[in-house]
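Have the model open while you read.

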Amino acid sequence: MPWDTIQLNDGREIPSLGFGTWKMGNGDGPITQVDQAISVGFSHIDTAQLYKNEAEAGIAIRQSGLERKEIWITTKYSGTDGLDIQTSIRNSLKYVRLRVSRALRLP
Ligand SMILES: NC(=O)c1ccc[n+]([C@@H]2O[C@H](COP(=O)([O-])OP(=O)(O)OC[C@H]3O[C@@H](n4cnc5c(N)ncnc54)[C@H](OP(=O)(O)O)[C@@H]3O)[C@@H](O)[C@H]2O)c1
(Lines give C-alpha, C1' and ligand atoms only; values in the text may rest on other atoms or scores of the structure.)
Protein backbone atom coordinates (compact mmCIF):
# COMPACT_ATOMS: atom_id res chain seq x y z
CA MET A 1 0.00 0.00 0.00
CA PRO A 2 1.69 3.22 -1.13
CA TRP A 3 0.04 5.59 1.33
CA ASP A 4 -0.29 5.75 5.08
CA THR A 5 -3.44 4.68 6.80
CA ILE A 6 -5.44 6.41 9.51
CA GLN A 7 -6.77 4.39 12.41
CA LEU A 8 -10.47 4.81 13.09
CA ASN A 9 -12.05 4.60 16.52
CA ASP A 10 -13.06 0.98 15.91
CA GLY A 11 -9.46 0.05 15.20
CA ARG A 12 -9.79 -0.36 11.46
CA GLU A 13 -7.26 1.31 9.18
CA ILE A 14 -8.55 3.53 6.37
CA PRO A 15 -6.15 4.38 3.53
CA SER A 16 -5.49 8.11 3.86
CA LEU A 17 -5.86 8.77 0.14
CA GLY A 18 -8.87 7.67 -1.86
CA PHE A 19 -9.60 7.72 -5.58
CA GLY A 20 -12.67 9.92 -6.13
CA THR A 21 -15.27 9.13 -8.77
CA TRP A 22 -17.38 12.25 -8.67
CA LYS A 23 -18.17 13.69 -12.14
CA MET A 24 -17.03 10.48 -13.87
CA GLY A 25 -20.57 9.54 -14.72
CA ASN A 26 -21.35 5.91 -15.28
CA GLY A 27 -20.71 3.20 -17.85
CA ASP A 28 -17.36 1.97 -19.10
CA GLY A 29 -15.48 5.21 -18.28
CA PRO A 30 -15.46 4.94 -14.50
CA ILE A 31 -14.88 1.18 -14.68
CA THR A 32 -11.71 1.81 -16.65
CA GLN A 33 -10.63 4.68 -14.43
CA VAL A 34 -11.17 2.81 -11.19
CA ASP A 35 -9.37 -0.16 -12.70
CA GLN A 36 -6.41 2.10 -13.55
CA ALA A 37 -6.47 3.65 -10.07
CA ILE A 38 -6.27 0.21 -8.47
CA SER A 39 -3.51 -0.83 -10.85
CA VAL A 40 -1.33 2.11 -9.76
CA GLY A 41 -1.86 1.35 -6.10
CA PHE A 42 -5.03 3.01 -4.84
CA SER A 43 -6.66 0.85 -2.18
CA HIS A 44 -9.48 3.27 -1.35
CA ILE A 45 -12.25 4.09 -3.81
CA ASP A 46 -14.68 6.92 -3.07
CA THR A 47 -18.11 6.81 -4.69
CA ALA A 48 -21.62 7.92 -3.70
CA GLN A 49 -25.21 7.27 -4.63
CA LEU A 50 -25.24 10.78 -6.10
CA TYR A 51 -22.32 9.98 -8.41
CA LYS A 52 -24.33 7.17 -10.08
CA ASN A 53 -21.29 4.94 -10.36
CA GLU A 54 -21.34 2.68 -7.32
CA ALA A 55 -21.95 -0.32 -9.57
CA GLU A 56 -19.06 0.66 -11.86
CA ALA A 57 -16.72 0.94 -8.86
CA GLY A 58 -17.93 -2.47 -7.74
CA ILE A 59 -17.28 -4.02 -11.14
CA ALA A 60 -13.74 -2.62 -11.29
CA ILE A 61 -13.00 -3.74 -7.75
CA ARG A 62 -14.29 -7.23 -8.47
CA GLN A 63 -12.30 -7.40 -11.71
CA SER A 64 -9.14 -6.37 -9.87
CA GLY A 65 -9.08 -9.67 -8.04
CA LEU A 66 -8.18 -7.93 -4.78
CA GLU A 67 -9.30 -9.60 -1.62
CA ARG A 68 -11.93 -7.76 0.39
CA LYS A 69 -9.42 -6.87 3.09
CA GLU A 70 -7.17 -5.20 0.52
CA ILE A 71 -9.60 -2.47 -0.56
CA TRP A 72 -11.57 0.23 1.25
CA ILE A 73 -14.77 1.47 -0.35
CA THR A 74 -16.43 4.71 0.68
CA THR A 75 -19.92 5.48 -0.49
CA LYS A 76 -22.53 7.94 0.74
CA TYR A 77 -26.23 7.98 1.31
CA SER A 78 -27.42 10.80 -0.93
CA GLY A 79 -31.17 10.70 -0.42
CA THR A 80 -31.65 10.87 -4.16
CA ASP A 81 -33.56 7.69 -4.84
CA GLY A 82 -36.69 8.28 -2.79
CA LEU A 83 -36.12 5.06 -0.85
CA ASP A 84 -35.99 4.69 2.92
CA ILE A 85 -32.44 4.88 4.26
CA GLN A 86 -32.02 1.18 5.04
CA THR A 87 -33.20 0.06 1.60
CA SER A 88 -31.06 2.69 -0.05
CA ILE A 89 -27.94 1.61 1.85
CA ARG A 90 -28.64 -2.06 1.16
CA ASN A 91 -28.84 -1.20 -2.53
CA SER A 92 -25.51 0.63 -2.33
CA LEU A 93 -23.89 -2.42 -0.75
CA LYS A 94 -25.35 -4.57 -3.51
CA TYR A 95 -24.06 -2.20 -6.20
CA VAL A 96 -20.52 -2.14 -4.81
CA ARG A 97 -20.89 -5.89 -4.35
CA LEU A 98 -20.41 -6.11 -0.62
CA ARG A 99 -22.33 -8.54 1.46
CA VAL A 100 -24.28 -6.76 4.18
CA SER A 101 -22.98 -9.17 6.77
CA ARG A 102 -19.39 -8.24 5.90
CA ALA A 103 -19.94 -4.50 5.87
CA LEU A 104 -22.35 -3.41 8.56
CA ARG A 105 -25.31 -4.92 10.27
CA LEU A 106 -28.54 -3.16 9.57
CA PRO A 107 -31.49 -3.76 11.87
N1 LIG B 1 -16.25 11.76 1.00
C2 LIG B 1 -16.87 12.94 0.73
O3 LIG B 1 -17.74 13.38 1.49
C4 LIG B 1 -16.53 13.69 -0.51
C5 LIG B 1 -17.08 14.93 -0.74
C6 LIG B 1 -16.72 15.60 -1.90
C7 LIG B 1 -15.87 14.99 -2.81
N8 LIG B 1 -15.39 13.75 -2.55
C9 LIG B 1 -14.49 13.06 -3.47
O10 LIG B 1 -13.39 13.88 -3.76
C11 LIG B 1 -13.16 13.85 -5.16
C12 LIG B 1 -12.68 15.21 -5.59
O13 LIG B 1 -13.68 16.14 -5.23
P14 LIG B 1 -13.45 17.66 -5.46
O15 LIG B 1 -14.59 18.35 -4.85
O16 LIG B 1 -12.07 18.01 -5.05
O17 LIG B 1 -13.58 17.68 -7.06
P18 LIG B 1 -13.20 18.83 -8.03
O19 LIG B 1 -13.39 20.15 -7.36
O20 LIG B 1 -13.90 18.52 -9.30
O21 LIG B 1 -11.62 18.67 -8.22
C22 LIG B 1 -11.12 17.64 -9.00
C23 LIG B 1 -9.61 17.85 -9.11
O24 LIG B 1 -9.08 16.87 -10.01
C25 LIG B 1 -8.33 17.54 -11.00
N26 LIG B 1 -8.46 16.82 -12.24
C27 LIG B 1 -9.58 16.48 -12.89
N28 LIG B 1 -9.30 15.81 -14.00
C29 LIG B 1 -7.95 15.70 -14.04
C30 LIG B 1 -7.05 15.11 -14.95
N31 LIG B 1 -7.48 14.48 -16.04
N32 LIG B 1 -5.74 15.16 -14.65
C33 LIG B 1 -5.30 15.79 -13.55
N34 LIG B 1 -6.12 16.38 -12.65
C35 LIG B 1 -7.42 16.33 -12.90
C36 LIG B 1 -8.92 18.92 -11.12
O37 LIG B 1 -7.97 19.79 -11.63
P38 LIG B 1 -8.41 21.20 -12.27
O39 LIG B 1 -8.88 22.07 -11.15
O40 LIG B 1 -7.14 21.69 -12.88
O41 LIG B 1 -9.49 20.90 -13.27
C42 LIG B 1 -9.26 19.22 -9.66
O43 LIG B 1 -8.13 19.71 -8.96
C44 LIG B 1 -14.50 13.46 -5.80
O45 LIG B 1 -14.30 12.71 -6.95
C46 LIG B 1 -15.20 12.68 -4.73
O47 LIG B 1 -15.04 11.28 -4.95
C48 LIG B 1 -15.70 13.10 -1.41
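**Side-chain notes**

1. Lys76 has a relative accessible area of 29%, so it is partly exposed (buried is under 20%, exposed over 50%, partly exposed in between; 1.4 Å probe, protein chains only). Asp46, at 18%, counts as buried.

2. Before going on: this is a predicted model, where local features need pLDDT of at least 70, side-chain atom pairs count only at pLDDT 80 or more, and totals for chains, interfaces and linings use all residues. Residues are numbered from 1 along each chain as its sequence is written, and side-chain values use heavy atoms, with hydrogens and water left out.

3. What does Lys76 pair with? Lys76 makes a salt bridge with Asp46, with the closest N and O atoms 2.8 Å apart (a salt bridge is a side-chain nitrogen of Lys or Arg within 4 Å of a carboxyl oxygen of Asp or Glu). Lys76 sits in the loop between strand 5 (72–74) and helix 3, and Asp46 in strand 4 (residues 44–46), so the pair ties together parts 30 residues apart in sequence. Helices (H or I, at least four residues) and strands (E, at least two) are DSSP runs, numbered from the N terminus.

4. The salt bridge count comes to three. Arg12 and Asp10 meet at 2.9 Å, N to O; Arg12 is partly exposed at 46%, as is Asp10 at 48%. Lys69 and Glu67 meet at 3.8 Å, with Lys69 exposed at 72% and Glu67 partly exposed at 46%.
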